Amino acid sequence: MKKRYTYSLLFFAPGLLLSLITSALVVGATTGALWIFALGDNSWPTIVGKGLSLLFPLTFLGLWIAFSWLVL
């Protein structure tokens, strides 16, 4: 097995954990910024909820791919 594939498998779990934590922080910061600066305490439009629900998996997958690519 090539070393590049071995290192990818070796850093699979730490990259997964790091991207999970970073994605949660990004979604939390985005929600906080929207709450404080844009939408406030009023009822939020449904598109914002759908967008925030979509933000987490997209951020997670993008960061996981980026962290895996950094290892290669």
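At 16% relative accessibility, Phe-60 counts as buried, because the cut-off for buried is under 20%. Phe-60 has a partner. With Phe-56 it forms a stacked aromatic pair, 6.4 Å from centre to centre and with 10° between the planes. Both residues sit in helix α3, 4 residues apart, which means that about one helical turn separates them. Phe-56 has a relative accessibility of 29%, so it counts as partly exposed.

Now step back to the whole. This is a predicted model. Its mean pLDDT is 89, and 97% of the residues reach 70 or more. Helix α1 (residues 3-10) has the lowest mean pLDDT, 77, while helix α2 (residues 12-39) has the highest, 93. Where pLDDT is low, the predicted coordinates should not be read in detail.

The protein holds 3 helices and 0 strands. From the N terminus on, the order is α-α-α. Of the 72 residues, 12% count as buried. The accessible surface comes to about 5,600 Å², and 76% of that belongs to carbon and sulfur atoms.

Next, follow α2. Just after α2 comes Gly-40, with a positive phi of about 70°.

Then comes helix α3, residues 46-71, which includes Thr-59. Thr-59 has a relative accessible area of 15%, so it is buried. Leaving out residues up to four places away in sequence, Thr-59 touches Ser-23 and Val-26. Contacts across the sequence are a wider theme here. Among contacts between residues at least 6 apart, 68% join residues at least 24 apart.

The whole structure contains 3 aromatic pairs. In one of them, Phe-12 and Trp-64 have ring centres 5.2 Å apart and planes at 50°, so the pair is tilted. Phe-12 belongs to α2 and Trp-64 to α3, so this pair ties together parts 52 residues apart in sequence. Phe-12 is partly exposed, with a relative accessible area of 44%.

Notes
Residues are numbered from 1 along each chain as its sequence is written. This is a predicted model: local features need pLDDT of at least 70, side-chain atom pairs count only at pLDDT 80 or more; totals for chains, interfaces and linings use all residues. Side-chain values use heavy atoms; hydrogens and water are left out. Helices (H or I, at least four residues) and strands (E, at least two) are DSSP runs, numbered from the N terminus. Buried means under 20% relative accessible area, exposed over 50%, partly exposed in between (1.4 Å probe, protein chains only). Contact means heavy atoms within 4.5 Å. pLDDT is the predictor's confidence in each residue, from 0 to 100. Accessible areas come from the Shrake-Rupley method with a 1.4 Å probe; for residues, only the protein chains shown count as cover. Rings of Phe, Tyr and Trp (its six-membered ring) pair if their centres lie within 6.5 Å; planes under 30 degrees apart count as stacked, over 60 as edge-to-face and the rest as tilted.
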